[in-house]
Amino acid sequence: MTARPENGPHGVLVGGGGASGLLAAIAARWGGASVVLLEKNPRVGKKLLTTGNHQCNLSNLHLSADRFHGDPALAMAVIGKFDLDATLAFFGRLGLQSARDGQGRVYPRSYQAASVLDALRLEAEESGVETVAGTDVAEIERQGKGLAVTAKGGTRFIARRVILCTGGKAAPHTGSVGGGLDLARRLGHAVVEPFPALVPLKLEGAHPRAMQGMRWEVVARLLVDGREGGTARGEALFAAYGLSGPAALALSRNAVEAWSAGRRVEVALDLLPEQPETETLHCIRSRCLNKPDRSMEHFLAGWINKRIGQVLLKALGFDWSRPWGSLTGEEQARLARALHAWTFPVAGHTGWPNAQVTAGGVETAEVDPETLESRLVPGLHFAGEILNVDGDSGGYNLQWAWSSGWVAGSAAARAPEPSLP
Ligand SMILES: Cc1cc2nc3c(=O)[nH]c(=O)nc-3n(C[C@H](O)[C@H](O)[C@H](O)COP(=O)(O)OP(=O)(O)OC[C@H]3O[C@@H](n4cnc5c(N)ncnc54)[C@H](O)[C@@H]3O)c2cc1C
């Protein structure tokens, strides 16, 4: 394929066919522009299929600034223009109904991520978005009053406006490897150094094999140089390398950021979050009094997960053959403390392939919040994870992708030709 002047004068080119790119393409098309969508993979939406354990947690009933990071103010401003109601109405128009769970998470009524992708793909196709798959955007330059996009291999596309929706660096096997961030840098944009978020944490010293794969409901506290850096309630999953599960993922953004900055980072797990430490100590004393002859090996059995309990007792150095009745008051207190704050030093994260989202990205001060158009390159817009906005787990990241895609796509369609300096 060679130059595509047929994309102008209203032509919008969308780079990247993920959640934000598909939304942007449809919004631009609905706004009356001719739209070309370039996707490097053979098909669009690979990451979407994997979201929410393949059920696609597409939004949340509770969209508030404290759920977003990087630039929460921009996130809320953009979501204000295409909020949950607008998102559900949009998907309703595409034939997709929604359902919500007890925690406010919104899913497709089918609970199938594939149905979200199908709805977007079909609408893109039916509305006349021209999708060119297997095409990797390599360069963007100004050309006259528009922009020229060169794909790997040399194919050139000319468009009046370009929306860059190439994602961040998380889950690179789905296609988002950070190439869009390099492109933005070459165009003069500052990029807040990306780091993985919603990612399992490596802990110092492997967990004993006995505990690997065990899950337990905890309150996890992050400690940065000994000071509290966040808490999360949820399941902890003990793995060979460290800790995963919702509680660990929720703390991972702050943990990774602090760890990358060379700070001392620890995670303290409360294994009995429903009761205060004083009550735990009382239980320990009663057990010692009631069954003084039982051996330590069984001390936590019937109270917490047996394997987790045994590993904790070993970690505290208790001799398994000792009778319960021999525990000193100081030992009882130490055990109670450990049950409420079993503390592990963080030794890193498990890397981009295991991350759900990218923290960092294109500096948001360099885009117009009304249109997500670059303040440096007229006619170029950004949407989705490529920007320095990320959200908590729970549907926030996809809501950002939908809202930013809509705002950029509809703005690109109605905008006049870019005014060049
Ligand atoms: C396992 C997993 C589960 C998740 N679950 C949820 C969830 O349930 N709810 C939620 O809110 N969020 C979830 N997320 C996060 C969410 O999927 C992302 O935040 C969202 O998909 C980002 O959308 P995007 O369009 O910005 O980027 P992406 O979805 O990454 O799309 C970018 C697209 O651009 C393409 N591309 C990249 N570079 C180029 C190039 N140079 N040229 C052309 N095309 C290019 C890629 O192939 C890709 O298709 C999950 C993420 C993962 C990894």
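The model described here is predicted. Ala 232 belongs to strand β15, which covers residues 227-238.

Which residues does Ala 232 touch, leaving aside its neighbours within four places in sequence? The contacts of Ala 232 are with Ala 220, Ala 247, Ala 250 and Leu 251. Gln 112 is 120 residues away from Ala 232 along the chain, and the C-alpha atoms of the two are separated by 27 Å.

## Helix α5

Helix α5 runs over residues 113-127. The helix has 15 residues, and the distance from its first C-alpha to its last is 21 Å, close to the 21 Å expected at 1.5 Å a residue. After α5 comes Gly 128, with a positive phi near 100 degrees.

The buried residues of α5 are Ala 113, Val 116, Leu 117, Ala 119, Leu 120, Arg 121, Glu 123 and Ala 124. These buried residues pack against both helices and strands. The helices are α1 (19-30), α2 and α4 (84-93). The strands are β2 (35-39), β6 (105-108) and β7 (130-133).

## The packing of α2 with α5

One of the partners of α5 is α2, a helix formed by residues 46-54.

On the α2 side, the contact is made by Leu 48, Leu 49, Thr 51, Gly 52 and His 54. On the α5 side, Ala 113, Ala 114, Val 116 and Leu 117 take part. Of the residues in this contact, six are nonpolar, three are polar and none is charged. Ala 113, Val 116 and Leu 117 of α5 are also listed among the buried residues of that helix.

## Helix α9

Which residues are buried in helix α9, residues 306-315? They are Ile 308, Gly 309, Gln 310, Val 311 and Leu 312. The buried residues of α9 pack against strand β14 (215-224), helix α10 (329-340) and strand β18 (342-349).

Gly 317 follows α9, and the phi of this glycine is positive, near 85 degrees.

Terms used:
Residues numbered from 1 in each chain as written. Predicted model: local features only at pLDDT ≥ 70, side-chain atom pairs only at ≥ 80, totals over all residues. Axes fitted to C-alpha atoms, helices over the stretch in contact; angles between N-to-C directions. Helix = DSSP H or I, 4+ residues; strand = E, 2+ residues; numbered from the N terminus. Contact = placed C-beta atoms within 7 Å. Nonpolar A, V, L, I, M, F, W, Y, C, P; charged D, E, K, R; others polar. Expected span 1.5 Å × (residues − 1). Buried ≥ 20, exposed ≤ 12 C-beta atoms within 10 Å, placed from the backbone.
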